[in-house]
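Reader: Please take me through the packing in this model. I want a close look at what meets what.

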Amino acid sequence: MTALEALARRVEDDSTFLACLLAHFARSERLDDAALAERLGCPPDQLAALRLCRSPRPEPNHFRADVARIAGHFGLDVNRLLEAIRRGQVLLALQSPLPRPAGLLAARDRPGEDRP
Amino acid sequence: MSPFFESETWEQIHARLLQDDPVASSDLARACLEPLRNALQRRFPRCDPDLVQQAVHDAYLEIIRKPHLFNPQRGSLRGYLLRAAACDLANALRREARHHCRHISVELPAVAGNLLGREDEPSFSLCLAEARQQAEQRAARAGLSPQEARCWSLMQEGQYRNEVFAAVLGLEDLHPDEQIREVKRTKDRIKIRLKRAGEECDDCT
């Protein structure tokens, strides 16, 4: 495994990197590296470099531009990449723990009130 | 794919990182990982290549997460990343050496023969000692004084704290601003003399 591949593996849990989103997508589709590369239309030897791109920024205007920039840089079909990234984002969001409510409220009888 | 990174300096890729270019992190990885790993392995020749690689990865991830920490006016990105990786590696080796030392004292009695400092000890401290020895040999070839040689050795381990160099050079009594200037003068002098002596000097790039 090259230094680049080892690093790409290491950052699969780090949502800063595209590696994280692509890993979620690949798992959901049961794709190994070769199949993922084929699905994205990416030469297999470029997959590690692709994974080391930064994840697109979430703001709508930046998101489109970032995906287009990555696709253009690696010569990929932007729609295929977009589909993989969107799926990865959804799966990542589903996996994240829900925010806990600040506190629990409970009703209490006022003094002197009859209980049903 | 356009191999932009091959015609760009690391500083130019860093500028793209600051501009939020999503492919800059990939380009920097392709440009820097191998050269940094090779340079660091030369400094710590007996060190486990996996530990060396991890230190390089840590330095890379740090600059990706906090690109503003590097100021191109203060030196090269190569020097910055190499110092960061060397510092991480030296710290990891010290940590492992301490852990190993405690482990040995509990599990292996002296009669078992596995003692620190002996050639049968698979020691992390030996990696550090050897790196220091190598730095000192190069310093001697360049005609550096013992104090300068110690500073060079610290530079090779990624040490960056001014007060550490000031202590080695006996400058503690000077005003902090004067210490900074004198330490910088000494480091510059060391690099020039190493270059003149034909010694490889990763920090000089």
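**Where the parts meet**

Author: Chain B and chain A bury about 1,900 Å² between them, and 61% of that lies on carbon and sulfur atoms. Buried area is the accessible area (1.4 Å probe) that two parts lose on being put together, summed over both. The model is predicted, so local features need pLDDT of at least 70 and side-chain atom pairs need 80 or more, while totals for chains, interfaces and linings use all residues. Residues are numbered from 1 along each chain as written, chains are lettered from A and ligands numbered from 1 in written order, and side-chain values use heavy atoms, without hydrogens or water.

Chain B gives 24 residues to the contact, and chain A gives 19. Contact means heavy atoms within 4.5 Å. Four salt bridges link chain B and chain A. Each is a side-chain nitrogen of Lys or Arg within 4 Å of a carboxyl oxygen of Asp or Glu. A:Arg57 and B:Asp20 form a salt bridge, 3.7 Å from N to O.

Now the helices. They are DSSP runs (H or I, at least four residues), numbered from the N terminus. Two packed helices are described by the angle and the distance between their axes. Axes are lines fitted to C-alpha atoms over the stretch in contact, and angles run from 0 to 180 degrees between N-to-C directions.

Start in chain A. Helix 5 (residues 60-74) and helix 6 (residues 78-95) of chain A pack at about 125°, with axes 9 Å apart. They are therefore oblique. Under 35 degrees is roughly parallel, over 145 roughly antiparallel, 65 to 115 roughly perpendicular, and the rest oblique. Residues that meet here include A:Phe63 and A:Val67 of helix 5, and A:Leu81 and A:Ile85 of helix 6. By class, this contact has nine nonpolar, one polar and two charged residues. Ala, Val, Leu, Ile, Met, Phe, Trp, Tyr, Cys and Pro count as nonpolar; Asp, Glu, Lys and Arg as charged; the others, Gly among them, as polar.

Helix 2 (residues 18-29) of chain A also packs on helix 6 of chain A, at about 90° with axes 8 Å apart. This pair is therefore roughly perpendicular. Among the residues in contact are A:Phe25 of helix 2 and A:Leu92 of helix 6. The classes are nine nonpolar, five polar and three charged.

Methods. Helices (H or I, at least four residues) and strands (E, at least two) are DSSP runs, numbered from the N terminus.
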